[in-house]
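Take a walk through this structure, one region at a time. Keep the sequence and the 3D view side by side as you read.

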Amino acid sequence: MRNSQNSAADDSDPIIRVRGLVKKFGDHVVHDGVDLDVRRGEIIGIVGGSGTGKSVLLHQIVGLLKPNAGQIEVFGKSVRDTSEEEYRAIRRRWGVMFQDGALFSSLTVRQNVEVPMREQLDMPDDLRETLAGIKVRMVGLPDNAQGKYPSDLSGGMRKRAGFARAISLDPEIVFLDEPTAGLDPIGAAAFDTLIGRLQAALGLTVFMVTHDLDSLHAICDRIAVLAEKKVLAVGTMAEMLEIDHPWVREYFHGPRARAALKTTDNDEVR
Ligand SMILES: Nc1ncnc2c1ncn2[C@@H]1O[C@H](COP(=O)(O)OP(=O)(O)OP(=O)(O)O)[C@@H](O)[C@H]1O
Ligand SMILES: [Mg+2]
């Protein structure tokens, strides 16, 4: 568990504020009263069983899915009850790495990173290319990766390219949906280190959906558990270990959790 200067941040001014969120698909109720505050500058890990609505929550926060009820504010502004122009202005201040990566296969790595810049910024081509190249370097990809297509990259490199695209507009918040899924443990640990370093260097707030207990131990300041259609608990790893709920207990005290504790206890990832 990292020691963040931000973990004692003021709760009264959350950077993301979700209240009473209800989301249904037909008769299927996914969220029924989700409340969540995300503090500026923290890395918060969102956990929950498969299908509990972690990705759906992320998509609602960034305005890609419409809730049936409830409020979502980011930077103190409603994401939905706003003009298209205001939404565009808010959207510029976050970056998203989706669960499926969603890189354009017909574009090179650098061109993928340029996509949000083309959509949102008016700047000369050579300046945009240079800035995109810097982002590619920032995520630890070699210079020769810039001109490669996603299909020519390893899974870990594709994740880094997705991360470079998520930070292309110098966002204040980065949303990451399962960033280390599919990586081997060494690749996942390296990616955790990258997230932690960039968060510290850029002062990012990171909203990270993850199944990866190592990531939770290594880089998350707080954890939010989605279960029973709600955020069942929010707190530090130490607080999670105290919670007496069947899923939470199984998740945080099960064999995988014990292995994660062992591997991260002596690991300084930051
Ligand atoms: N566009 C959609 N239309 C209908 N149902 C949907 C849609 N998107 C998600 N769902 C359903 O909502 C529920 C929550 O999905 P979601 O993808 O958020 O789960 P998750 O917690 O991210 O799971 P995982 O850990 O497997 O990624 C699932 O039952 C899913 O089938
Ligand atoms: Mg998901």
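The paragraphs below go from a sheet to a hairpin, then to a helix and a ligand.

Keep in mind that this is a predicted model.

As background, strands of a sheet pair through backbone hydrogen bonds, either parallel or antiparallel.

Now look at two of the pairings. Strand 3 covers residues 43–47, and strand 9 covers residues 222–227. Four bridges join strand 3 to strand 9, and the two run parallel. Strand 6 runs parallel to strand 7 (residues 173–177), and four bridges join the two. Here tryptophan 94 faces its opposite number in strand 7, isoleucine 173.

Which way do the residues of strand 6 point? Trp94 and Val96 point one way, while Gly95 and Met97 point the other way. Are they buried or exposed? All of them are buried. The cut-off for buried is under 20% relative accessible area, with only protein chains counted.

Strand 1 (residues 16–25) and strand 2 pair in the antiparallel sense, over eight bridges. Two residues lie between strand 1 and strand 2 in this hairpin. Glycine 26 is in the turn, with a positive phi of about 60°. Lysine 24 stands opposite valine 29 in strand 2.

Strand 2 leads on to the ligand. How many residues surround ligand 1? The number is 14, and the closest are Ser50, Gly51, Lys54, Ser55 and Val56. Strand 2 (28–38) and helix 1 (54–61) each supply at least two residues of the shell around ligand 1. Helix 1 gives the most, with three residues. By class, the shell has nine polar, three nonpolar and two charged residues.

A polar backbone atom of valine 56 is 2.8 Å from an oxygen atom of ligand 1. For serine 55, a polar side-chain atom lies 2.9 Å from an oxygen atom of the ligand. For threonine 52, a polar backbone atom is 3.3 Å from a ligand oxygen atom. Taken alone, ligand 1 exposes 630 Å², and the protein buries 61% of that.

Stay with helix 1. Seven of its eight residues are buried, so the helix is mostly covered by the under-20% cut-off. Among the buried residues are Lys54, Ser55 and Val56, which are also among the closest to ligand 1. Leu57, Leu58, Gln60 and Ile61 are buried too. Glycine 63 follows helix 1 and has a positive phi, near 85°.

One last stop is valine 115, in helix 3 (residues 109–120). Why does valine 115 count as buried? Its relative accessible area is 16%, and the cut-off is under 20%. The C-alpha atoms of valine 115 and alanine 132 are separated by 9.4 Å, and the two residues are 17 residues apart along the chain.

Terms used: Residues numbered from 1 in each chain as written. Chains lettered and ligands numbered in written order. Predicted model: local features only at pLDDT ≥ 70, side-chain atom pairs only at ≥ 80, totals over all residues. Heavy atoms only, no water. Near = heavy atom within 4 Å. Polar contact = N/O pair within 3.5 Å; in protein donor to acceptor, adjacent residues only side chain to side chain. Areas by Shrake-Rupley, 256 points an atom, 1.4 Å probe, with all protein chains shown as cover. Nonpolar A, V, L, I, M, F, W, Y, C, P; charged D, E, K, R; others polar. Pairing = 2+ DSSP bridges. Buried < 20%, exposed > 50% of the residue type's maximum accessible area, 1.4 Å probe, protein only.
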